[in-house]
Amino acid sequence: MALSTSSNFAKPDDAFRAVVEAHRGLSDEQSADLDAALVLILANHIGDLEVLREAIELARRRMVDASQQQQQQQQ
Amino acid sequence: MAQQSKTQFGYRRHPDQDRAVTDPAGHPVVVVGAGPVGLSLAIDLAQRGQPVVLLDDADRIGEGSRAICFSKRALEYWDRLGAGQRMVDKGVVWSVGKIFHGASQLYQFNLLPEQGHKRPAFINLQQFHAEAYLVDRVRELPAIDLRWRNKVIGLQQRNDHVVLTIETPDGPYPMHAHYVVACDGARSSLRQMAGAEFAGQVFEDQFLIADVRMTAEFPTERWFWFDPPFHAGRSALLHKQPDDIWRIDLQLDPDADPAVEKRPENVRPRIARMLGHDKFDFEWISLYKFQCRRMDKFIHGRVMFAGDAAHQVSPFGARGANSGLEDAENLAWKLDRVLHGSSPEALLDTYHVERSAAADENIRESTRSTDFMAPGSRQEARLRKAVLSLARETEFGKRMVNGGRLSVPSTYDTPLSTADTEAWRGGPVPGASIPDAPLGARPGGPTFLTEAFIQTGTRFTLLAFANGAAVDPPDGIGVIHIGVNDGDLVWTRYDAEPGTAYLLRPDGYVAARFRHPTRAALDTALARAAGIN
């Protein structure tokens, strides 16, 4: 696995807060625009398609989990 | 805006039509469709010594400019066919593209930033001019029998030949052919007769093409706009053609009414806003949707498909006509060898292997360009907006903007190649097309490598760099000797050291390369490249 999922920040809370605070005062639409730009900037910085694909896969797993949970609740 | 045909040809009855139905004429190869691909293929085969029957159901060329961008690779091919210089003399040479977002320029690119190539990155030339020059070249070659108003209406595959039924103004007649090549365009009737699948992706967006006549001072560059002030929320493209004709391409809404959009009174104000004046006349207006698709197999029995008949792409990237010409150059030498009996029929299979992979690449690239121009979802549009705004400030953003990635020849992953076994830092890999380079002083001789390849006979050729151990080239192949006097560029472009040798295929692709060639290694590589195992 090329994607690092161990904790890379000395202070992870600072990193999380930095992303949260970037969205302060933005509408949902603006937030979505910000995220789109941020994803592309970070993806370019990583500069490794294999890492990017693994990150996408890890992120998408949440969508699958969420829809499975929904189905289970409906049953 | 009456569009008259540029060239009209007469139907002439051929003696084949006077033969008894039970005793039809037989020909080694019949090419169907006298467009750029069919004409080029016929010329290539004829120059290799094959008699060719070339059939076309019409008797004229014309009908708007259609394809307009011809690539460096296409020009190098036409040079080999003896038609390149007229194309370049008439065409508009360009290599710079500019991308605009709104009213301002995002960035510009140069498709051929280096010197030392005989041909430019691209010329713009109306397809009817290209076809007319190719027809002129055909007329110089007695081996080509070009029959206008000969429409193939029946096709039957037999074990060792194909039976065609051809309709003419004098009625139908049968013909036998060892091989048939269908170059009869996107709506190929031969493809339907062969019962071949032609599936792919349909794009809903509509585009309007207008060729307008005006005298203007725009530079000879490809200009592409995202969300221009004159066409809000959509994309637009401007290209110069010869004869004071300008190609304008406007993206329309998917639900725009074609009949309404096409009316000159509706097109005119939009283009006047784009140009800043209305001193222009319409030559041609056309509205189109497109598909990206290809045939599963480019070969059906003894019938081979080339050009739009085999594959279709979106027009952004100039990958339609140029890839069709690459089909022709790929097929001609293989068909010639098989008809001569110097290679087994299996060599033809590599036409499908190599060119269907190229079609996949072209479809992938042009689909990406189209998706970028016409985002399919709100999030896709949002990501594109992010790229366009990042492009103003960052290099990586500029590189992500996709206003059409322009046609470059594919590198073939093919059984005809011999894999590298030595260390290379550059140069064309096996399966890649040969880059041009200037050659040094050769009195009366070629000044470019592409010219040397033609003068050596456009066949299997050894490109031999000087000052290595001497090796006898295999019989029957051409040799181009490169010396130190030829200058650094050719040595650099081929990552050459003393004694380096490249084995080139007859279509100008690399079959194998060696730091220290031996006769045995060359023989093996040559046999492999010729499909002889």
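Predicted model: local features only at pLDDT ≥ 70, side-chain atom pairs only at ≥ 80, totals over all residues.
## Helix 10 of chain B

Helix 10 of chain B runs over residues 378–393 and has 16 residues. From its first C-alpha to its last it reaches 24 Å, close to the 22 Å expected at 1.5 Å a residue. The buried residues of helix 10 of chain B are Leu383(B), Arg384(B), Ala386(B), Val387(B), Leu388(B), Leu390(B) and Ala391(B).

The cover over these buried residues includes elements of both chains. From chain A it includes helix 2 (28–46). From chain B it includes strand 7 (96–101), strand 8 (104–110), strand 16 (222–226), helix 9 (349–373) and helix 11 (395–400).

## Contact between the chains

Six residues from chain A and seven residues from chain B make up the contact. On the side of chain A that touches chain B, four residues are nonpolar, one is polar and one is charged.

Two packed helices are described by the angle between their axes and the distance between the axes. For helix 2 of chain A and helix 10 of chain B, the angle is about 65° and the axes are 9 Å apart. The crossing of helix 2 of chain A with helix 10 of chain B is right-handed. Helix 2 of chain A contributes Ala32(A), Asp33(A), Ala36(A), Ala37(A) and Leu40(A) to this contact, and helix 10 of chain B contributes Arg382(B), Leu383(B), Lys385(B), Ala386(B), Val387(B) and Leu390(B). By class, the residues of this helix pair divide into eight nonpolar, no polar and three charged. Leu383(B), Ala386(B), Val387(B) and Leu390(B), named in this contact, are also listed among the buried residues of helix 10 of chain B.

## Helices 2 and 8 of chain B

Within chain B, helix 2 (residues 72–80) packs against helix 8 (residues 320–340) at an angle of about 40°, and their axes are 9 Å apart. Helix 2 of chain B and helix 8 of chain B are therefore oblique to each other. Their crossing is left-handed.

On the side of helix 2 of chain B, the contact is made by Arg73(B), Ala74(B) and Tyr77(B). Helix 8 of chain B supplies Asn322(B), Leu325(B), Glu326(B) and Glu329(B). The contact of helix 2 of chain B with helix 8 of chain B has three nonpolar, one polar and three charged residues.

## Val180(B) in strand 13

Val180(B) belongs to strand 13 (residues 173–182) of chain B. Val180(B) counts as buried because it has 28 C-beta neighbours inside 10 Å. Leaving aside neighbours within four places in sequence, Val180(B) is in contact with Val30(B), Val32(B), Val162(B), Leu164(B), Arg302(B) and Val303(B). Phe305(B) is 125 residues from Val180(B) along the chain, and their C-alpha atoms are separated by 8.6 Å.

## Thr500(B) and Ala501(B)

Thr500(B) sits in the loop between helix 13 (488–493) and strand 26 (501–504) of chain B. Thr500(B) is buried because 24 other C-beta atoms lie within 10 Å. The C-alpha atoms of Thr500(B) and Ala236(B) are separated by 47 Å, with the two residues 264 apart along the chain.

Ala501(B) is placed in strand 26 of chain B. Ala501(B) is also buried, with 25 C-beta neighbours inside 10 Å. Beyond residues up to four places away in sequence, Ala501(B) touches Leu462(B), Leu463(B), Ala464(B), Phe465(B), Arg513(B), Phe514(B) and Pro517(B). Ala501(B) and Pro517(B) are 16 residues apart along the chain, and their C-alpha atoms are separated by 6.5 Å.

## Residues with positive phi

Most residues other than glycine have a negative phi. Asp243(B), although not a glycine, has a positive phi of about 65°. Asp243(B) is found in the loop between strand 17 (235–241) and strand 18 (245–252) of chain B. With 12 other C-beta atoms within 10 Å, Asp243(B) is exposed.

Asp495(B) also has a positive phi, near 45°. The place of Asp495(B) is in the loop between helix 13 and strand 26 of chain B, where Thr500(B) is also found. Asp495(B) is partly exposed, with 15 other C-beta atoms within 10 Å, whereas Thr500(B) is buried.

Key:
Residues numbered from 1 in each chain as written. Chains lettered and ligands numbered in written order. Axes fitted to C-alpha atoms, helices over the stretch in contact; angles between N-to-C directions. Helix = DSSP H or I, 4+ residues; strand = E, 2+ residues; numbered from the N terminus. Parallel < 35°, antiparallel > 145°, perpendicular 65-115°, else oblique. Left-handed = near helix turned anticlockwise from the far one by under 90°. Contact = placed C-beta atoms within 7 Å. Nonpolar A, V, L, I, M, F, W, Y, C, P; charged D, E, K, R; others polar. Expected span 1.5 Å × (residues − 1). Buried ≥ 20, exposed ≤ 12 C-beta atoms within 10 Å, placed from the backbone.
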